[in-house]
Amino acid sequence: RFYHKQLISKEGRQALNYLKSRQLDMRTIRKFGLGFAPDAWDATKEYLKGIGFEEKQLLEAGIIVESKGRSYDRFRNRIMFPIINQSGYVVGFGGRVMDDSVPKYLNTSESPVFNKSNVLFGLNLARKQRPLTEIIVVEGYMDVITLYQYGYHNAVATLGTALTLEQAGLIRRYAGEAIIAYDGDTAGRRAALRAIHVLAKAGCDVKVVNFPKGMDPDDIISEYGKAYFDKLLEKSVPATEFELELLQEEYDLETQDGKIEYVTAAAEILSKVENVLERDVYINHLEELTGFRSELIYRQIDVLNSK
């Protein structure tokens with residue numbers, strides 16, 4: 001509440017203008033409890049001590065840090081994103097700079113109530129949706145918030161780290177399907193590949209949205225609107241198809257060696273597909289793409305499964 005009050009004060013004008021420049025309205029800003037940490041060394045510390053908190057508590061919660069015998073605010077001159085767990089409790093914060101300073105995002109350190117491996121940003125709101133058949137998994141705070149403002153109330157984000165098995169388990173608890181909507185750059189696609197395996201291990205059905213290179217959900221909606229994002233969601237591909245697409249980029253299919261290496265690696269992926277009808281679709285596609293007969297691809301999969 002202190003951070004939110006700062007955001008709508010004279011001191012927070014730059015931060016509020018920044019959020020508005022990202023096309024967020026006041027209703028959304030209030031819904032997520034966004035705030036501003038003053039550009040001062042001890043404004044938050046002094047305010048909280050003034051209403052009865054002890055310095056030891058503030059250190060333990062990660063609101064302040066200590067160095068060389070002095071304590072000071074961990075977050076200064078940053079837009080503040082409260083991190084709320086699925087039960088509705090604020091367990092930490094993410095702070096974002098408004099310029100090119102580093103780090104761009106700063107999260108609360110681990111504490112007795114905050115472990116970033118088992119919290120998903122936005123899950124407190126997503127879990128309230130009825131029916132909740134699918135959850136959109138994105139990379140950042142702003143992706144979740146922008147999607148929410150445009151009516152997608154089922155988006156969650158990891159907290160600056162790779163998706164963990166604990167987070168995947170939370171997703172599976174509330175929805176059967178996960179739609180990965182990570183950034184369209186190389187790093188985002190690689191992260192999506194890792195997330196596929198984690199979500200599958202947790203028992204989720206997984207699809208992946210293919211974004212134009214270098215763009216994320218926030219970019220897409222801000223620049224092209226909801227209708228275009230809807231089209232991309234509709235065209236989201238099954239996890240296996242995405243894996244094969246990503247794998248194909250690694251090989252030169254103009255050469256015989258490239259085709260052999262690609263199909264050999266693709267057979268490893270398809271050997272894990274349990275539905276034989278689904279597997280057949282991908283094998284027929286590989287036959288069209290590479291010229292290798294489907295019987296040979298089946299045989300290669302049998303070889304792998306017999307090991």
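**Helices and sheets, term by term**

Modeller: The protein chain has 15 helices and 11 strands. Helices (H or I, at least four residues) and strands (E, at least two) are DSSP runs, numbered from the N terminus. This is a predicted model, in which local features need pLDDT of at least 70 and side-chain atom pairs count only at pLDDT 80 or more, while totals for chains, interfaces and linings use all residues. Residues are numbered from 1 along each chain as its sequence is written, and side-chain values use heavy atoms, with hydrogens and water left out.

Colleague: Thanks, that helps. What makes a residue buried, and how many of the 307 residues count as such?

Modeller: Buried means under 20% relative accessible area, exposed means over 50%, and partly exposed lies in between (1.4 Å probe, protein chains only). Of the 307 residues of the protein chain, 48% count as buried. The C-alpha atoms fill a box of roughly 75 × 40 × 40 Å, taken along the principal axes.

Colleague: Why is Met 26 called partly exposed?

Modeller: Its relative accessible area is 23%, so Met 26 is partly exposed. Met 26 is found in helix H3 (residues 26–31). Leaving aside residues up to four places away in sequence, Met 26 touches Ile 8, Leu 16 and Lys 20, where contact means heavy atoms within 4.5 Å. The C-alpha atoms of Met 26 and Ile 8 are separated by 10.0 Å, with the two residues 18 apart along the chain.

Colleague: And why do you describe strand S5 as largely enclosed?

Modeller: In strand S5 (residues 90–96), 6 of the 7 residues are buried, so S5 is largely enclosed by the rest of the structure.

Colleague: How do you know which strands pair with S5?

Modeller: Two strands pair if DSSP finds at least two bridges between them. Strand S4 (residues 78–84) and S5 have 6 bridges in the antiparallel sense, and S5 and strand S6 (residues 105–107) have 3, also antiparallel. Val 90 in S5 is the bridge partner of Ile 84, and Gly 95 stands opposite Leu 106 in S6. The hairpin of S4 and S5 has 5 residues between the strands, and there Gly 88 takes a positive phi near 95 degrees.

Colleague: What makes S1 and S6 edge strands?

Modeller: Each of them, strand S1 (35–37) and S6, pairs on one side only. The open sheet of 4 strands has the order S1-S4-S5-S6, with antiparallel pairing. S1 and S4 are joined by 3 bridges, and Phe 36 stands opposite Ile 79 in S4. Helix H7 (residues 141–149) packs on this sheet, touching S4, S5 and S6, and its direction makes about 75 degrees with that of S4.

Colleague: Which other sheet is there, and in what order do its strands run?

Modeller: An open sheet of 5 strands has the order S8-S7-S9-S10-S11, with mixed pairing. Its edge strands are S8 (155–157) and S11 (237–238), each pairing on one side only. Strand S7 (residues 134–138) and S8 run parallel and are joined by 3 bridges, with Val 137 opposite Val 156 in S8.

Colleague: Now the helices. Why are H13 and H14 called roughly antiparallel?

Modeller: Axes are lines fitted to C-alpha atoms, for helices over the stretch in contact, and angles run from 0 to 180 degrees between N-to-C directions. Angles under 35 degrees count as roughly parallel, over 145 as roughly antiparallel, 65 to 115 as roughly perpendicular and the rest as oblique. Helix H13 (residues 256–270) and helix H14 (residues 276–290) pack at about 175 degrees, with their axes 11 Å apart. H13 and H14 are therefore roughly antiparallel. Among the residues that meet there are Tyr 262 and Ala 266 in H13, and Tyr 282 and Leu 286 in H14.

Colleague: What makes H13 and H15 oblique instead?

Modeller: The axes of H13 and helix H15 (residues 294–306) come within 9 Å and cross at roughly 60 degrees. H13 and H15 are therefore oblique to each other. The contact includes Val 263 and Ala 267 of H13, and Ile 297 and Leu 304 of H15.

Colleague: How do you know whether that crossing is left-handed or right-handed?

Modeller: A crossing is left-handed if the near helix is turned anticlockwise from the far one by less than a right angle, and right-handed if clockwise. H13 passes H15 in a right-handed crossing.
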